[in-house]
Amino acid sequence: MTQPIEDYALIGDLMTSGLVGRDGSIDWLCLPRFDSGACFAKLLGDEENGHWRIAPASAEAAERCTRRAYVDGSMVLESYWETEDGTVKVIDFMPQRDVSPDVMRIVEGVSGEVTVHSTLRLRFDYGHVVPWVRRSDGHRVAVAGPDSAWFRSEPPVHTWGEANSTRSEFTVAAGERVAFVLTWHASHDPRPEPVDPYAALEQSLADWREWTSQCCYEGPYREAVTRSLITLKALTYAPTGGILAAATTSLPEEIGGVRNWDYRYCWLRDSTLTLGSLLATGFHDEARAWRAWLLRAVAGDPADLQIMYGIAGERRIPETELPWLRGYASSAPVRVGNAAVDQLQLDVYGEVIDSLYLARSSGLASEHHAWKIQLALLDFLERNWHRPDEGLWEVRGPRRHFVHSKVMAWVAADRAVRTLEGDPSLPGDVERWRAIREEVHRDVCEKGYDSERGTFTQYYGSSELDAAALLIPRVGFLPPDDPRVIGTVDAVREELGRSGLVRRYTTEGPSVDGLPGDEGAFLACSFWLADALYLTGREKEARTLFERLLTVRNDVGLLAEEYDPIAGRQLGNFPQAFSHVGLINTALTLAQGEAVGIPTGS
């Protein structure tokens, strides 16, 4: 049976990641990068598409572990299995690599004497290719085309091949340990030097604890904030500083539906909120690396600015479907790549300029070319802000004049004015940008506001609402006590609410996104609602909503993109950076009395 999305935990080495289920199976693992082909793709198919399960042999323990948790301040996962014969602990982690990626799984006896089974099914290219497996120096080596993987145990245990899988059986008593190591490398390269798994465990714990110790946040909900920051770090591609949206592709927004997308890329829409969360919690190195990635990615002709890029800044992300995978819980198609990369989304210009403004105003040393890039983006936006676009949510329907896109055009002009006012030595016409700021503001208020209902709408001339309007006070377009803001917050809460949480927009009737089916409550938007409630003077309601959202996290503190409050299940790609950024920023809002790093009031 398909495991619920919330049954998974994340492990990673800051270049890629895997998902470990409560049944002891790694069902998703891309090697060597986050966006590489998966060698374990059971998550989107079945066992024959690749997985690696370690669990006690006894029948009563066959379904799921008894309990599990990350070791404090780390991405090292410990799962306990209690059986009639005794208790074992499985430690799963990926050490930060020197050369090649390693997946390490250490089985440790806690009490009694327990027989344990390991079943490894490697399937390269998203579960499509069965490798040739042979023995070499007492280890197993699997090869298929460009991919090669070595599998070994320390100490050696009984291991054999069966039905295109590699199986092991062994017994551990209290205090005994058996470590398994899976190492990937390009098949044309020599085998990398083996890494001691026990030393690697101690080093991994030390590395994560050293990193976590930089956190300067000491307010309420610190455990949840810290776990979300660790998750953001785990979703960071260390060589470039790019932060991907999620570790997976094609986990559905509706079980059995078609809203299944590849999120293993970096979205510009996330940039300001992500940067703010890192700066506010003391992680300036990560903030600098994210800004540097951003500047490299957007360099070039402003007309070519994309909404997303690859983790190293790649521009080509062609979308294809993988017909051999049935999809998570039969939610097809499974997609690799993302066609939304070619969309026009004018809001991203505002996001980029806002991010660079935030970096400058927060004290990050300025890059000498950053302002020149911003001027080029501003010039393009001046000529194009009035155009319709696909909007923040990447709708695959017709282009429209989305209110959020226009608001972010205002943000771009506003941040240009603030930057020039703060440093008059910089080139730029501040009066010109003041005039554009006023023009955009007037346009939005005249065409994007429904005075009869007292709310901003999704796009000009529409009656539909959009949860992105909750950001209006946060970005400073209008002050929180403006009646138009309060009316919008109330309308979004009423019309887009689902069991107390918030959808992005309505999918009933003719959908604005051009897609069939429904989706769950969007967790980032639900955090935005908590922010908006706080900013409009409803602190108790904001805190109640935030604490409700904390209960949506799974047992190890992770959040997907969406949540079905009726079924009580997480939906969408997992874990989702945008959801965790929302958690961090709302905690900071509640703790500090304002949205961190974002000016309020126009």
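On a 1 Å grid over the protein atoms alone, a cavity is a set of points where a 1.4 Å probe fits but cannot get out, and a pocket is an open set with protein on both sides within 12 Å along at least five of seven lines; lining residues have an atom within 4 Å of a point. This is a predicted model, in which local features need pLDDT of at least 70, side-chain atom pairs count only at pLDDT 80 or more, and totals for chains, interfaces and linings use all residues. Residues are numbered from 1 along each chain as its sequence is written, and side-chain values use heavy atoms, with hydrogens and water left out.

**Cavities**

- The whole structure holds 10 cavities of 30 Å³ or more. A volume is the space filled by probe spheres set on the grid points, which are joined across faces, edges and corners.
- The largest cavity has a volume of about 140 Å³. Its lining has 15 residues, with Glu-253, Trp-261, Trp-393, Glu-394 and Arg-504 nearest the centre.
- By class, the lining of the largest cavity has 7 nonpolar, 1 polar and 7 charged residues. Here Ala, Val, Leu, Ile, Met, Phe, Trp, Tyr, Cys and Pro count as nonpolar, Asp, Glu, Lys and Arg as charged, and the others, Gly among them, as polar.
- The second largest cavity has about 120 Å³ of space. Of its 14 lining residues, Thr-272, Leu-273, Glu-351, Leu-471 and Val-475 lie nearest its centre.
- Helices (H or I, at least four residues) and strands (E, at least two) are DSSP runs, numbered from the N terminus.
- The lining of the second largest cavity divides into 8 nonpolar, 2 polar and 4 charged residues.

**Largest pocket**

- The largest pocket has a volume of about 510 Å³.
- Its lining has 21 residues, and Met-1, Thr-2, Gln-3, Asp-23 and Lys-42 lie nearest the centre.
- That lining has 7 nonpolar, 4 polar and 10 charged residues.

**Helix pairs**

- Helices α4 and α6 pack at an angle of about 20°, with their axes 8 Å apart. Axes are lines fitted to C-alpha atoms, for helices over the stretch in contact, and angles run from 0 to 180 degrees between N-to-C directions.
- α4 and α6 are therefore roughly parallel to each other; the cut-off for this term is an angle under 35 degrees.
- The crossing of α4 and α6 is right-handed. A crossing is right-handed if the near helix is turned clockwise from the far one by less than a right angle, and left-handed if anticlockwise.
- In α4, Ser-271, Thr-272, Leu-275, Gly-276 and Leu-279 meet Glu-351, Val-352, Asp-354, Ser-355, Leu-358 and Ala-359 in α6. Contact means heavy atoms within 4.5 Å.
- Helix α12 (residues 523–535) packs with helix α14 (residues 577–592) at about 15°, with the axes 8 Å apart. That makes α12 roughly parallel to α14.
- α12 passes α14 in a left-handed crossing. By class, their contact has 9 nonpolar, 5 polar and 1 charged residues.

**Backbone details**

- The peptide bond from Leu-31 to Pro-32 is cis, with omega near 5°. Pro-32 sits in the loop between β3 (25–30) and β4 (38–40).
- A cis peptide bond also runs from Ala-332 to Pro-333, with omega near 5°. Pro-333 lies in the loop between β20 (320–321) and β21 (335–336).
- Asp-125 is in helix α1 (residues 124–127). Phi of Asp-125 is near 55°, a positive value in a residue other than glycine.

Terms used
Angles under 35 degrees count as roughly parallel, over 145 as roughly antiparallel, 65 to 115 as roughly perpendicular and the rest as oblique.
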